[in-house]
Amino acid sequence: MPRKLAAGNWKMNGLAASLDALHTLADRHVDASVDVLICPPATLISACMNLPISVGGQDCHANASGAHTGDISAEMLADAGAKAVLTGHSERRADHGETDAQVAAKSLAAYRAGLRAIICIGETLGQRDAGTTLDIIDGQLAGSVPDTATATNTVIAYEPVWAIGTGKVPTLDQIAEVHAHIRMRLETRFADGSDFTLLYGGSVKGSNAAEIFAVPHVNGALVGGASLKADDFSPIIAALENA
Ligand code: PGA
């Protein structure tokens with residue numbers, strides 16, 4: 001059975017003062033029956049170490065060290081206390097031109113450092129309107145997910161680009177279609193494909209979490225805006241516990 005995961009992506013938000021929200025969240029969900037992960041900016045990872053909550057990075061370089069000014073390696077994230085790292089988030093693919101091959105290399109770096117890779121995939125609105133969503137998903141799965149991926153070292157997050165930060169959410173049928181397709185591809189390619197945790201991401205809120213978590217093969221969420229405040233993220237965690 002896939003493990004359930006509620007993951008928060010703080011993106012480029014969060015100062016030391018924001019740790020209060022994490023303390024509140026950790027206190028509330030210390031006994032959660034699902035996995036809870038927060039990916040704060042890298043500057044805050046080590047400050048989260050005393051919290052009974054897992055933390056992750058938002059990106060990593062493929063190399064372990066070297067002359068790459070401004071980059072952070074998976075080993076550095078692990079050293080700071082991270083347990084996971086997002087790879088291939090659409091904002092990285094769009095803002096930094098990251099290719100599937102680079103996302104795969106970063107995911108391999110995560111494995112090398114002992115981190116879980118949360119590999120993000122998803123179509124743009126133009127691709128959905130053109131009817132190519134499942135082709136895009138196939139290409140991203142083939143190109144971004146390394147052959148050494150397992151249900152233990154990898155989570156797949158399906159995030160339609162047009163649903164991220166927009167308040168627009170696909171229909172439940174659209175989510176179901178893509179998640180079933182991803183599951184089928186993973187089962188074909190990996191011996192433990194039925195155990196991979198599959199997340200939905202894109203405008204998940206307390207008000208829509210329960211219906212999204214009821215969709216087959218949705219094992220949790222990757223949450224941006226609604227993960228910044230404990231009062232917004234808590235209902236999502238609770239909905240996943242009850243799913
Ligand atoms: P959102 O972001 O929840 O703010 O739409 C999701 C994400 O980018 O992971």
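In sorting residues by class, Ala, Val, Leu, Ile, Met, Phe, Trp, Tyr, Cys and Pro count as nonpolar, Asp, Glu, Lys and Arg as charged, and the others, Gly among them, as polar. By these classes, the shell around the ligand holds four nonpolar, seven polar and two charged residues. This is a predicted model, in which local features need pLDDT of at least 70 and side-chain atom pairs count only at pLDDT 80 or more, while totals for chains, interfaces and linings use all residues. Residues are numbered from 1 along each chain as its sequence is written, and side-chain values use heavy atoms, with hydrogens and water left out.

The ligand is surrounded by 13 residues (a heavy atom within 4 Å), and the closest are K11, H89, E159, G165 and S203. A polar side-chain atom of K11 lies 2.7 Å from an oxygen atom of the ligand, and a polar side-chain atom of H89 also lies 2.7 Å from a ligand oxygen atom. From S203, a backbone N or O atom lies 2.8 Å from an oxygen atom of the ligand. Of the 290 Å² of accessible area (Shrake-Rupley method, 1.4 Å probe) that the ligand has on its own, the protein covers 95%.

Turning to the interior, a nonpolar core is a set of buried Ala, Val, Leu, Ile, Met, Phe, Trp, Tyr and Cys residues joined through side-chain atoms within 4.5 Å, where buried means under 20% relative accessible area (1.4 Å probe, protein chains only). The largest such core has 61 residues, and L22, I156, I182 and F233 have the most contacts inside it. Apart from this core lies another, of 12 residues, including L5, A7, L37 and L222.

Methods: Polar contact = N/O pair within 3.5 Å; in protein donor to acceptor, adjacent residues only side chain to side chain. Buried < 20%, exposed > 50% of the residue type's maximum accessible area, 1.4 Å probe, protein only.
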